[in-house]
Amino acid sequence: MLERLRAVEWTGDWEDAVAHAMSRRVLMREYLRRAGVWARACSADTVWPFFDATDYLNSDFALLPVTQDSLRDFLVQLTGDDAIKRTCAGAVHLAEIRTQSTGIGAGLLDLYEPLILFYERGGEFLRDNAGFIDLAGALMHPGTLQGHLGTPVLRSLDSAVLDAVDAKGRITYYTAATNSEGTLLRQRVLQGEQHNEAFNRDELRWECTVPLPSSAKNAAALGLVWLDEMEATNLIAETLASSNWQTGTTSLVDLGTRPAD
């Protein structure tokens, strides 16, 4: 885990971070959801969302001195938000404590993995005085712990799924209300120009499609339903998983064996 964190380009190329803005957004939302689950499980509600869970799981836990020294040296070099330092330390601590006790966090999805992937896909985040999280290319408000417990679970962290989410512009997702196969549609508005696209289930890529409605109300009149970006990402994951099963390839994430929380 520490080696992964060291490899992150924390203040890397802005264009690269912007190119991954959408996938970083869904990863941050999944982290905030998981952080809420873990905070409730270890009575850490007051320090949600950016905290070191091991402080509440085992107050006597300590890394081996050599690892602790390496982690300290790494954290000293980080210049970003203190929340980043806390979560990086938490990720290393939790990875170690779970090797010592497999019962820690049993039944829960890994707390920090979405956030580590977030870092790997564009580096740090910032927080402004209004409480917004700046994802480099997108702003989001952290909201409340309770609110994030109701966020749809992100079922796959597969890089192919995350890559399929990334696109420029303001994005709205739709699917046909009566379509059992769940064809995914999206409308991207970039510099005032609309781009209407459908995710091709056979080619596994976005392709141009007929013009889509400009609002959820108009979409309903055409038999379409608006999709939350997490639901849309899950639909992409299901499509990719189905394709992998049919072709005999192995997905990076086995959707069928992940524990529920």
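This is a predicted model: local features need pLDDT of at least 70, side-chain atom pairs count only at pLDDT 80 or more; totals for chains, interfaces and linings use all residues.
User: Okay, sheets. In what order do the five strands of the open sheet come?
Analyst: The order is S7-S6-S5-S4-S8, and the pairing is antiparallel. Strands here are DSSP runs of E with at least two residues, helices are runs of H or I with at least four, and both are numbered from the N terminus. Two strands pair if DSSP finds at least two bridges between them.

User: Which ones are the edge strands?
Analyst: Strand S7 (205–208) and strand S8 (224–227), since each pairs on one side only. From one strand to the next, the twist averages 35 degrees.

User: What holds strands of a sheet together, in general?
Analyst: They pair through backbone hydrogen bonds, either parallel or antiparallel.

User: Back to this one. How many bridges join S4 to S5?
Analyst: Six bridges join strand S4 (residues 170–176) to strand S5 (residues 184–190), and the two run antiparallel. Thr172 has Gln187 in S5 as its bridge partner, and Arg170 has Val189 in S5.

User: And what about S4 with S8?
Analyst: S4 and S8 pair in the antiparallel sense over four bridges. Tyr173 stands opposite Leu227 in S8 there.

User: Which residue takes a positive phi in the hairpin of S6 and S7?
Analyst: That's Leu204, with a phi near 55 degrees, in a hairpin that has four residues between the strands. S6 and S7 pair antiparallel over four bridges. Phe199 is partnered with Trp206 in S7, and Asn200 with Arg205 in S7.

User: What's the order in the open sheet of three strands?
Analyst: S1-S2-S3, with antiparallel pairing. Its edge strands are strand S1 (126–127) and strand S3 (139–140), each pairing on one side only. Two bridges join strand S2 (residues 133–134) to S3, and Ile133 stands opposite Met140 in S3.

User: Switching to helices. At what angle do H3 and H7 pack?
Analyst: Helix H3 (residues 21–41) and helix H7 (residues 113–120) pack at about 155 degrees, with their axes 8 Å apart. Axes are lines fitted to C-alpha atoms, for helices over the stretch in contact, and angles run from 0 to 180 degrees between N-to-C directions.

User: Why are they called roughly antiparallel?
Analyst: Because angles over 145 degrees count as roughly antiparallel (under 35 is roughly parallel, 65 to 115 roughly perpendicular, the rest oblique), H3 and H7 are roughly antiparallel to each other. H3 passes H7 in a left-handed crossing, where left-handed means the near helix is turned anticlockwise from the far one by less than a right angle, and right-handed means clockwise.

User: Which residues make the contact?
Analyst: From H3, Arg24, Leu27, Met28, Glu30, Tyr31 and Arg34; from H7, Pro114, Leu115, Leu117 and Phe118. Contact means heavy atoms within 4.5 Å.

User: How about H5 and H6, where do their axes come?
Analyst: The axes of helix H5 (residues 65–77) and helix H6 (residues 82–100) come within 11 Å and cross at roughly 160 degrees. That makes H5 roughly antiparallel to H6. H5 passes H6 in a right-handed crossing. The contact involves Gln68, Leu71, Phe74 and Leu75 of H5, with Lys85, Cys88, Ala89, Val92 and His93 of H6.

User: Is Cys88 buried or exposed? And Cys208, buried or exposed?
Analyst: Cys88 counts as buried because its relative accessibility is 0%. Cys208 counts as exposed, at 76%. The cut-offs are under 20% relative accessible area for buried and over 50% for exposed, with partly exposed in between (1.4 Å probe, protein chains only).

Conventions. Residues are numbered from 1 along each chain as its sequence is written. Side-chain values use heavy atoms; hydrogens and water are left out.
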